[in-house]
Amino acid sequence: MAISKKPPFLNSDKIFLLKTNEMSLIQKIHNQLVGKEITCTALVQEKLNLLRENKYNSVNVVLDELALEAAAKVDAKINNGEEIGLLEGIPFGIKDVYMVQGTYTSASSDLLKNYKSAYTATAIQKLLDAGAIPMVKENCDSFGHGSSSENTVFGSVKNAINTSLVAGGSSGGSAVNVAAEYTVFSIGGDTGGSIRQPAGYNKIYGLKPTYGRVSRFGLMAYASSTDTVGPLAKSIEDIAIVMNVISGKDSKDQTSIASEKIETSVLTSKPNGVRVGYFKNFIENDAIDPVIKTQFLATLEKIKEAGYSVEALDFFDADTLVSTYYTLAMAETASNLSRLDGTNYGERVEGKNLKETYMVTRSENFTEETQRRIVGGNQVLSQGFSDAIYLKGQQLRKEIEAAFESDFDKVDIVLSPVTPSSVPKIGEVLNNPHAMYLSDAYTVGFSLGQLPTLTCPFGTETGIQVTGAKNKEQTILQFANFLNQVQ
Amino acid sequence: MSKIMPVDLLSSIKGATSSKAVDQLFEVIKNAEIKQDASNKNTYNAVSIEDLRADVVENSSEITKQIIKENFPNQKNGYLVVSKVIEG
């Protein structure tokens, strides 16, 4: 293997410059708006046109009226000589599982295709309060149930780099819109990898924050104990800027937590004394694509060359992680989606009595994959199964959490590929659910551990994950920035 | 009569059946070995009683109420229509 020449900054603690393609898009647009190089209305109109014409199926609803109204307010402020905030006038996308009052929120399902949000999700409200412009409700796997954004009634989302490939999922539309620069950033949702995997597939950044760091209020629940709200963007700085706005304790979500601000000035300095680890059984097995394995090991070499220690760690096998995650997630989604019966909202199909109305409404309006997960969840929660499967799954989760705790005593950062295989073609995985579940092998463990994990668009062909202990978002973003420099 | 309820009734989904792909996941869990020491560790999230939000009713805005009514699937003569619950 050829050894690359060590960049000069690696020998010092000095702040180093970001690569030009990694500059904050938010900062760039902010400067253009303030300098009156562009108007917010023109910027928003241009993006709305692109979204409407897009060839990727990344859009469920374009929010024309809302966006142009908000843009006009920003322009008025600038013309009056008033100061604007960093996010004011910045166009963003919203995965179609978040409530935004008065907009359609379908979860890419037939059941809710005409459902209008009665209120606004906390994370989205914080962005609106900061002046960001909501542009689009984005296509995704129905109720977050999928890893390719093909399980949607709006048509499969196509990859931004190669349209014959899947976009990844479930936040596929969000990743594509960011990659195509239809939005500056998007808010996705990650339960078992739904931000990280599409970010990797479309070569952008995607952060699954520590569980609870961002309020889940107004997010349609999939699996409540691992559901997280996070940003997708083209630079690490933009991820940090958005996180600082949407984070925080919220009385409407009792699992939300207070957190410290991410200091963006720190992100560009070399991380000192960081101990790096990786899970050797993720790499030393037959399931990983040899190309991804080689690329990942090469990245580890570059880190060692830069003077960091890299430790191989023992961890659970992929089968156990995937089975534990899906068992618990299915149980939780079966419970969360039981309220969707067409009584108070949604597409009701009338039957001859109440029970039949429920059954027909749900069988006709849930997709095959959603039905599979609901049925699986009800199976594990039912008498005769709960002890042998559900409760045992909970015990395994405790073991996984304990293993993470012990690992993060030894290292500060864990690196892993995002996926074991390259990006599949459209149509390849939808009809093979078990293969689809196994493709989440490297993402679901960190969800069970409720740990912050960032996907970076380099390191392997589907990206690399940088994970830290709970609430260590700043550490992982800083290390990711260093990693970008050594690519 | 079997004590196990069929999955279509359990899930309120007409014609639902169990899936081989999902059963494969359950088999892994059934065969997994549990280490007692780790499973006794309490790593769950917990909210302290002092931290619970006040148990008070918050009135929704007029627009919220209006959208909730708009979302109702079936309305007739100003009434919200639900399926027949008690059969004669």
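Chain A contains 16 helices and 11 strands. The model is a predicted one. The C-alpha trace of chain A extends over about 75 × 60 × 45 Å along its principal axes.

In chain A, 11 strands make up an open sheet with mixed pairing, and their order is S1-S3-S2-S4-S6-S5-S10-S11-S9-S7-S8. At the edges lie strand S1 (59–62) and strand S8 (310–313) of chain A, each of which pairs on one side only. On average, and ignoring direction, neighbouring strands of this sheet are turned by 25° against each other.

One pairing can be followed in detail. Strand S2 (residues 91–95) and strand S4 (residues 185–190) of chain A are paired in the parallel sense, over three bridges. Within S4(A), the residue opposite A:Phe92 is A:Phe185. A helix also lies across part of the sheet: helix H2 (residues 40–53) of chain A lies across S1, S2 and strand S3 (133–138) of chain A, and runs at about 5° to S3(A).

Now to a pair of helices. Two packed helices are described by the angle between their axes and the distance between the axes. In chain A, the axes of helix H7 (residues 236–246) and helix H16 (residues 473–486) come within 10 Å and cross at roughly 165°. Angles over 145 degrees count as roughly antiparallel, and H7(A) and H16(A) are therefore roughly antiparallel to each other. Their crossing is left-handed. On the H7(A) side the contact is made by A:Ile236, A:Ile239, A:Ala240 and A:Met243, and on the H16(A) side by A:Glu473, A:Leu477, A:Ala480 and A:Asn481. Sorted by class, the residues in this contact of H7(A) with H16(A) are six nonpolar, one polar and one charged.

The last topic is the contact between the chains. Chain B has 46 residues in contact with 58 residues of chain A. On the side of chain B that touches chain A, at least two residues each are supplied by helix H1 (7–11), helix H2 (20–31), helix H3 (36–39) and helix H4 (62–71) of chain B. Of these, H2(B) gives the largest share of that side, eight residues. By class, the side of chain B that touches chain A has 24 nonpolar, 13 polar and nine charged residues.

Key. Residues are numbered from 1 along each chain as its sequence is written. Chains are lettered from A and ligands numbered from 1 in the order in which they are written. This is a predicted model: local features need pLDDT of at least 70, side-chain atom pairs count only at pLDDT 80 or more; totals for chains, interfaces and linings use all residues. Axes are lines fitted to C-alpha atoms, for helices over the stretch in contact, and angles run from 0 to 180 degrees between N-to-C directions. Helices (H or I, at least four residues) and strands (E, at least two) are DSSP runs, numbered from the N terminus. Angles under 35 degrees count as roughly parallel, over 145 as roughly antiparallel, 65 to 115 as roughly perpendicular and the rest as oblique. A crossing is left-handed if the near helix is turned anticlockwise from the far one by less than a right angle, and right-handed if clockwise. Two residues are in contact if their C-beta atoms, placed from the backbone, lie within 7 Å. Ala, Val, Leu, Ile, Met, Phe, Trp, Tyr, Cys and Pro count as nonpolar, Asp, Glu, Lys and Arg as charged, and the others, Gly among them, as polar. Two strands pair if DSSP finds at least two bridges between them.
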